[in-house]
Amino acid sequence: MSAHDPKLYAPMPAATPLPMPIQDLSRTFKDPGCKSTPPPPLPQTSLYRWATLLPALATTLALVAILGDWFRQGGFVATELAMMVLVGFSAFWIALSVASSTIGLFFGRISAPAPQADPDHSLDIALLVPVYNEDAGAVFSRVQAMRDDLAASSSHHRLAVFLLSDTRDETIAGQEQGLFCGDPLLVQQPVPLYYRRRAFNTERKTGNIRDWIENWGGSWDAFVTLDADSLMSAGTIVQLGDELAADPSAGLIQTVPRLIGAGTLFSKVQQFANNVYGGALARGLDRWSGHDGNYWGHNAIVRTRAFAACAGLPTLSGKGALGGTIKSHDFVEAALLRRGGWSVRLMPNLAESYEETPQTIIDYVLRDRRWCQGNLQHLRLLLTPGFTMASRFHMLQGAMAYIASVVWFVLLILWALMGRGAQDNVFRYFADSNPLFPQWPEMDAVNRAVVLGFMLSLLLIPKLFGIALTVAQNPALSKMGGRKNFALSALCEILLSFTLAPILMVQHVLAVMRTLLGLDAGWTPQNRSTGQYAPFLLIRFHWLETCVGWVLIVGTSLGLVSPWLLPIAASLAFAVPISWLFSLSIKQRSNLNRVMDTEESAAPPQIIKSANQAMMMTTQSA
């Protein structure tokens, strides 16, 4: 028996196989097991979709019309038309988030009462925790906190936790086995804990989940997917089970996880932005998605037989980054469930669903490279027969999140080359002798200010709507340090986010280029701990931003680049010290720790406290 044989240390229940056929993406599919057709889309769902799309289109056309009015004097040239197209493309996706936030703020769904618990409709629910070379102590602490919370609840559902290990590192595997297999009481009621380590980690996370379904899924009505850093309270898990039991047409119900565990300035910015601004966006997404919601791969409940029948992912043809295993599997699985006849729902108001965020810019970017690769794969699947228009849009929007950075970067280059007009740009020295000299758009200072102000307003409005929703839900802001601290926190987040944006833009461009060149981002475990990178690594990682920034600064000093780009140039030129600064730990700096506080950090609920206490006990006993 090999050291990787799952039978060696797999305290698992008896096998109950459930077939999970690979889906044929060349034809439509209807799950014969889907007996309950999803309710027809509510009339207001279509209304909300148009109310999101039309204002975004109108805003985009208005901005393009303004540019066209400026450029049309003397006739359009190629550079002017290119700028109009690129600005319009960028503005549309930003305006779409503005419209979605508007819908969420003013028309967001108020939390409906939880369905009446019915013991006759109790579910067998498995909590699946796939891990790959993760900190075993941290995972165990979160799992134990959830088990204790569930054991103390009055749920009529039958629950168990499965730790599904794909770990390849033998030292970490030994730690997992010591924590998850060392005590026979772990597999006893009321919430059993099972551990399985796969012999071969084929198809990454999707293969891990599929292995569980095909071997043990037959005994479970539903499963809750949890990442290694996920944390959910018993109340949330039980309500998800109640919602699924009450809605026989639902194949998947997704929560909106809030970020916790920020230990650096960078993760603090991400945590504040997600938890404060994300509410309005999520409520708007819920309104226009309706039954065509999306799946984010974790913190969601899934109907096991529906998933097995509909969501078996094929391997994409071709080699390189855009072929092989589907990386961003969650969007595609949601689309496949909808294709099979099941509804996919979002519950944005369901509280106490959490995850963590990378602690440094570098760790964030490394994760984004994987996501970029997977999201660009979705472009190959947009025309899959049977997908709903909303499912296609979810996948397109995910890809555009990265392609938009390429557009922004091209716009930055065009703006830089324009300089201050036809007589002041990087090609001015060749104007008299070169008949191919480009006629750059003539834009005076007022016009530039209008365009810049317009785009900045679009970026700020979703933040302002998120702030308004947060204040409306908690006028005193007592859980966020009070009104003054909240106002200071919002201002700091906005300034710091604008500092980070150019750096992340360039890194997204690199991620897209790497994917198009066929460079696989690989499958490396996410670094979830705080800690600074060595100066040499920072320089090696941020060399491109630094070079671009200093070229822009030098060009500005020579009068060849528009001074409007100086803030962007400064952010890029100083990417290395900025990355170092944002990786500083704030836990030991009490004066910084209160800034950008969220409810979870200022007044953590009991499930977070329990996980932290379990982590302390695990660390002490190690």
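Guide: Helix α13 (residues 482-516) packs with helix α17 (residues 575-582) at an angle of about 130°, and their axes are 11 Å apart. This is a predicted model, in which local features need pLDDT of at least 70 and side-chain atom pairs count only at pLDDT 80 or more, while totals for chains, interfaces and linings use all residues. Residues are numbered from 1 along each chain as its sequence is written, and side-chain values use heavy atoms, with hydrogens and water left out.

Helices (H or I, at least four residues) and strands (E, at least two) are DSSP runs, numbered from the N terminus. An axis is a line fitted to C-alpha atoms, for helices over the stretch in contact, and the angle runs from 0 to 180 degrees between N-to-C directions. Two packed helices are described by the angle between their axes and the distance between the axes.

With the angle of about 130°, α13 is oblique to α17. Angles under 35 degrees count as roughly parallel, over 145 as roughly antiparallel, 65 to 115 as roughly perpendicular and the rest as oblique. The crossing of α13 with α17 is left-handed, a term for a near helix turned anticlockwise from the far one by less than a right angle, with clockwise giving right-handed.

Which residues of α13 and α17 make the contact? From α13 come Leu496, Thr499, Leu500 and Ile503, and from α17 come Ala575, Ile578 and Phe582. Contact here means heavy atoms within 4.5 Å. These residues divide into six nonpolar, one polar and no charged. In that count, Ala, Val, Leu, Ile, Met, Phe, Trp, Tyr, Cys and Pro are nonpolar, Asp, Glu, Lys and Arg are charged, and the others, Gly among them, are polar.

A second pair can be described in the same terms. Helix α1 (residues 43-71) and helix α7 (residues 265-289) have their axes 7 Å apart and pack at an angle of about 125°. These two helices are therefore oblique to each other. On the α1 side the contact involves Thr45, Tyr48, Arg49 and Thr52, which meet Arg287, Trp288 and Ser289 of α7. The contact residues of α1 with α7 comprise two nonpolar, three polar and two charged.

Now for the wider setting of these helices. The protein has 20 helices and 10 strands. Of its 622 residues, 55% count as buried, where buried means under 20% relative accessible area, exposed over 50% and partly exposed in between (1.4 Å probe, protein chains only). Among contacts with a separation of 6 or more, 85% are between residues 24 or more positions apart.

Single residues show such links along the chain. Met455 sits in helix α12 (residues 445-473) and is buried, with a relative accessible area of 8%. Its C-alpha atom is separated by 9.3 Å from that of Val87, although Met455 and Val87 are 368 residues apart along the chain. Setting aside neighbours within four places in sequence, Met455 is in contact with Leu63, Ser90, Ala91, Ile94 and Trp408.

Thr304 belongs to helix α8 (residues 304-310) and counts as buried at 0% relative accessibility. Thr304 and Leu252 are 9.3 Å apart, C-alpha to C-alpha, and 52 residues apart in sequence. Beyond its neighbours within four places in sequence, Thr304 has contacts that include Leu18, Trp212 and Phe223.

Asn133 lies between β1 (124-131) and α3 (136-152), and has a positive phi of about 55° although it is not a glycine. At 18% relative accessibility, Asn133 counts as buried. Asn299, in the loop between α7 and β8 (300-303), also has a positive phi of about 55° without being a glycine. The relative accessible area of Asn299 is 0%, so Asn299 is buried. Trp564, in the loop between α15 (543-557) and α16 (566-573), is partly exposed, with a relative accessible area of 34%.

The structure holds zero disulfides, a disulfide being a pair of cysteine sulfur atoms within 2.5 Å. For Cys34, the nearest cysteine sulfur is that of Cys310, 7.4 Å away. Cys34 counts as buried at 7% relative accessibility, whereas Cys547, at 42%, counts as partly exposed.
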